[in-house]
Amino acid sequence: MKAGRILLLLLCLNVVTFGVIADLPTCPASDLGSGCGDSDEWEGEFFPGIPKIKYEGPSTKNPLAFKWYNADEEILGKKMKDWMRFSVAFWHTFRGTGGDPFGAPTKNWPWEDGTNSVAMAKRRMRANFEFINKLGVDRWCFHDRDIAPDGETLEESNKNLDEVVALAKDLQGTKIRPLWGTAQLFLHPRYMHGGATSPEVGVYAYAAAQVKKAIEVTHYLGGENYVFWGGREGYQSLLNTDMGRELDHLARFLEAAVAYKKKIGYNGTLLIEPKPQEPTKHQYDWDAATSANFLRKYGLIGEFKLNIECNHATLSGHSCYHELETARLNGLLGNVDANTGDPQTGWDTDQFLTDIAEATLVMHSVVKNGGIAPGGFNFDAKLRRESTDVEDLFIAHIGGMDTLARGLRNVAKLVEDGSLPDLVRKRYKSFDTEVGALIEAGKADFEYLEKKAIEWGEPTVPSAKQELAEMLFQSVL
Ligand code: XUL
Ligand code: CO
């Protein structure tokens, strides 16, 4: 009897906590008799039972509501939605299967029919826009081959892409547009040695043709940026690689992209996305500093910005904050691929951000940059293999958006309180002097400085106050 009551109580609790989101009936692919199974023309709901996600504030227990992200609320003189410019990554959200090198796919989304057909691509696109609308974001990101299948020939691939892109354009309406588009130059075996850095001229030409088309469709969809991520632009061994020649080829490729963008009147920002390795042992766009140096060497600095991905930052041995600051200080901060790695795992786990301290540092850079428009925050993040409910897709994005929104609110506290910036300013106050000004203006030569050093004698060196800085940072979290 007692056990029965406890069971009843547990069941009630379950209904209260999870009732809204459990076992959602949605477009079952097997039910071909229903409108839902009726290929790409089906226009019903893919996520029935999932409401439009709203802001309910920090005290809500509703997992399908924002606790910290309040799109129209002003923080530091800008609406939250204008600071964040959130975007859904098509590849993780709609093409992620949960498969890993040791295990089969685990995601069994009801709208999937197990094919990679154009009809399936269109149905998926409808699911994408329902998802985006319900989540309340205005942007999405895609690779050409995520949204439409490869054909037998380049012409056929382009035709498939055109068909799906026409539907996407329709579904976007007036409000939604791509934050960025890109070409997938890493999955197909032809790209095993790279695209722009392949030793095969035929592959270089094929990659150029693919990027040309991807820029065209990004332009057509009103995409605000175009990304180059060189997953296979690098080497596995230097012994069989002419690195100098490959880097020159990469620069020529990017120059041609700039020329083509201008030729077709596309004004979107071109972005390089640094990553040190995976899948290639060494990728040429290793980190922000390496990419900046590459752009400078080849005279491309004014034509490109950087898309900083937090998990890539940690793979390169830096923090995300370091990479953002390096990009910002070089005038290159263009976009953020918002995700995080796992501290115990050494690869690109592409997890949604949940660490509030990390999000506060990320937002600190973005605020110092005055925002990142026309860039934004793309959730280059995926569900864990073991998260298999449709509602998990929403919960993961809501969690990521709330984490960054909380970061922004914390930065506002940091700025308004002023103690941390003050501590930093005080550390450099000895440069706010006549001698400091001469040094910073490049007017203090070594003979002059030697005279000063003799005149002043042994300098007194004050504390760095690191623990105080950490305490001040902690106090806003
Ligand atoms: C891979 C990665 C890519 C790029 C786009 O690590 O981040 O998805 O963002 O090609
Ligand atoms: Co990325």
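I began with the sulfur of Cys 141, which lies 15 Å from the closest cysteine sulfur, that of Cys 310, too far for a bond. Cys 141 has 0% relative accessibility and so counts as buried (buried means under 20% relative accessible area, exposed over 50%, partly exposed in between, with a 1.4 Å probe and protein chains only).

I noted that this is a predicted model, in which local features need pLDDT of at least 70 and side-chain atom pairs count only at pLDDT 80 or more, while totals for chains, interfaces and linings use all residues. Residues are numbered from 1 along each chain as its sequence is written, chains are lettered from A and ligands numbered from 1 in the order in which they are written, and side-chain values use heavy atoms, with hydrogens and water left out.

I then looked up the disulfides, taken as pairs of cysteine sulfur atoms within 2.5 Å, and the count came to one. I found Cys 310 joined to Cys 320, S to S 2.1 Å, and both residues are buried. Cys 310 lies in helix 10 (residues 310-315) and Cys 320 in helix 11 (residues 320-329), so the bond ties together parts ten residues apart in sequence; helices here are DSSP runs of H or I with at least four residues, numbered from the N terminus. The torsion about the S-S bond is about -55°, so I recorded the disulfide as left-handed.

Last, I checked the domains, whose bounds come from an automatic or database domain assignment: the protein chain has domain 1 (41-417) and domain 2 (430-474), and 42 Å separate their centres, taken over C-alpha atoms.

Conventions
Helices (H or I, at least four residues) and strands (E, at least two) are DSSP runs, numbered from the N terminus.
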